[in-house]
Amino acid sequence: MDTFDNFIRGQWTRSRHGATFGDENPAKRGSNLGAFQSSTADDVREAIDAAAEAFKSWRRTSIADRQRYIAAFLNLLKDSRGELARIVTLENGKTIKESRAEVDSALVEGGHHLQQVAGFFDRAGQKSKRDLTTWVKLEPVGVAGIISPWNFPMNVMCRKTLPALLTGNTVVFKPATFTPWSGLFMTQLFERAGLPAGVFNCVTGLGSSIGNAIVDDPRVRAISFTGSTAVGKKIQARAAANLTRTQLELGGKNALIVMDDADLALALDAAATAGFSNAGQWCTSTSRVLLHKKIATRFLDMLVARADGMVVGDGMNESTDMGPVAGPQQYADVTAAIRQAVADGTRIVAGASSPESRAASPDGYFVRPTVLTGVTPDMPAFRDEIFGPVLAVCEFASFEEALALANNSIYGLSSAIYTTSAATAAAYVDGIEAGLAHVNVHTGYKEPSLPFGGVKQSGAGLPENSETGLEFFVDRKAVYERLT
Ligand code: NDP
């Protein structure tokens, strides 16, 4: 079994305290893909020392130079697509097709950031008034702490890290404990791309042990985090001590509204794609399906047939439609949520009340695609993010009722409506409380030129992607110059 090290100051190093943790393939309970450094606050401090030192020269590199490094990284990423996709599937469980799509998405987003940074620093807005010239100088903030989740272990990391590096910041990166290998593989690509020592550092270890060491260090001027709302709140509260800025991309309870005039085949694809891809573990997964009463029975029949027909199994098989959930904790949480929903009086119309009974194999953390009917807004199945392949279905009689149901959530990340009425679409876009509003497009769809982030308790700080993805990592210096 391989042992994987941290990457600090351009060197592969063991944690000072010598402890390691394992990496289980969720399709094979009890397996171990490698030993990873169980780092401590001392290791994190070393990584921040390295990043702070490297920042002094990295911030002075030209944009063209930084673009060259990132272009080299993206070329390596493209060449490694197959190998990296395999690693993502092995440690996260998603299907190999989904892992390839994740790499492709990172390449598209990375290409976008590479291009948009070229014009980004030209917006200085220089103005001259008699003898006074004023302009805004954009400057990198310093060391950025990047804390990423396990559900998109390589794409989310890229979405945060590439804008940070392109704008002249240095990075300390902590991958999720479920998926350290993908993070370290990406780290190798940064090394091979020739990034100067200390510009990018990777430290593995438990968020609950070393997260605070990243967030509390006053030299870390920006924290970009994706994960649970609970941890996001903790990070924001701690970061406030040093007024460190945060970019938090958090949970969701995303609703798909299907109106009675909708193209049901399209809506069905949306429910299945955004509900069950990645075993329902996207922050933008559809998790509530709101059906107009007139089409509810017909749509449910179609949805149940689709869910029951899905092949659940080891993601390495090309024919698998859905892999396991990401690990034992996720399995325990998702199956407990299903049991709770049944106890609350919902009906399972696809899936099984004892998820184990219909698992593809007892060897892995498999949960069948599950559809629950009879869900009401007071139930946890309606309110809480389950983060698994579970769709909670409610019915409504009018658009106003549907919108009120969709907005009845502490979250506001993504949303979708299926309708053929332009007026309904417009009223929905106007009234939905979400960072992403889709019309006849599933809740998981996004493009890098548009901001990606939630409202309410789904996020805080500037959204990722688009220009705000770069803006998060810069300070603005107002310059007033009188040169005599
Ligand atoms: P967490 O929010 O705990 O983990 C996300 C990242 O934060 C991981 O890298 C984790 O490290 C790290 N972390 C954990 N605690 C701290 C801390 N105190 N300070 C700094 N970083 C920390 O999510 P979980 O993995 O526990 O998943 C639980 C639930 O969170 C899911 O069921 C889902 O509902 C939600 N989630 C949402 C995601 C999204 O895309 N919005 C992504 C992942 C989860 P480590 O892995 O070492 O614990």
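Two strands are said to pair if DSSP finds at least two bridges between them. Helices (H or I, at least four residues) and strands (E, at least two) are DSSP runs, numbered from the N terminus. The model is predicted, and local features need pLDDT of at least 70, side-chain atom pairs count only at pLDDT 80 or more, and totals for chains, interfaces and linings use all residues. Residues are numbered from 1 along each chain as its sequence is written, and side-chain values use heavy atoms, with hydrogens and water left out.

**Strands around β17**

Strand β14 (residues 286-292) pairs with β17 in the parallel sense, over five bridges. Within this pairing, Leu 291 stands opposite Glu 395 of β17. Strand β16 (residues 370-373) also runs parallel to β17, to which three bridges join it. Here Leu 372 has Ala 392 in β17 as its bridge partner. Strand β17 itself spans residues 390-396, and six of its seven residues are buried. Buried means under 20% relative accessible area, exposed over 50%, and partly exposed in between (1.4 Å probe, protein chains only).

**Nonpolar cores**

A nonpolar core is a set of buried Ala, Val, Leu, Ile, Met, Phe, Trp, Tyr and Cys residues joined through side-chain atoms within 4.5 Å. The largest such core has 61 residues, and those with the most contacts inside it are Ile 257, Val 258, Leu 291 and Phe 299. A second, separate core holds 52 residues, including Ala 54, Ile 70, Val 117 and Leu 189. Contact means heavy atoms within 4.5 Å. Beyond its neighbours within four places in sequence, Val 258 is in contact with residues that include Leu 290, Leu 291, Phe 299 and Phe 396.

Val 103 belongs to helix α4 (residues 96-120). Val 103 is buried, its relative accessible area being 0%. Leaving aside neighbours within four places in sequence, Val 103 is in contact with Leu 77, Arg 81, Leu 84, Ala 85 and Met 154. The C-alpha atoms of Val 103 and Ala 271 are separated by 23 Å, the two residues being 168 residues apart along the chain.

Asn 201 lies in strand β10 (residues 200-202). Asn 201 is likewise buried, with a relative accessible area of 0%. Among the residues that Asn 201 touches, not counting those up to four places away in sequence, are Phe 7, Ala 47, Val 171 and Phe 173.

Asp 217 is found in the loop between α7 (207-216) and β11 (220-226). With a relative accessible area of 11%, Asp 217 is buried. A polar atom of the Asp 217 side chain lies 2.9 Å from the backbone nitrogen of Arg 219.

**The ligand**

The ligand is surrounded by 25 residues, and the closest are Trp 150, Thr 177, Gly 207, Ser 228 and Glu 385. A residue counts as near a molecule if one of its heavy atoms lies within 4 Å of it.

| Residue | Distance to a ligand oxygen atom |
|---|---|
| Thr 177 | 2.4 Å |
| Ser 228 | 2.7 Å |
| Gln 330 | 3.1 Å |

The protein covers 85% of the 850 Å² of accessible area that the ligand has on its own. Accessible areas come from the Shrake-Rupley method with a 1.4 Å probe, and for residues only the protein chains shown count as cover.

Note on methods
Polar contact = N/O pair within 3.5 Å; in protein donor to acceptor, adjacent residues only side chain to side chain.
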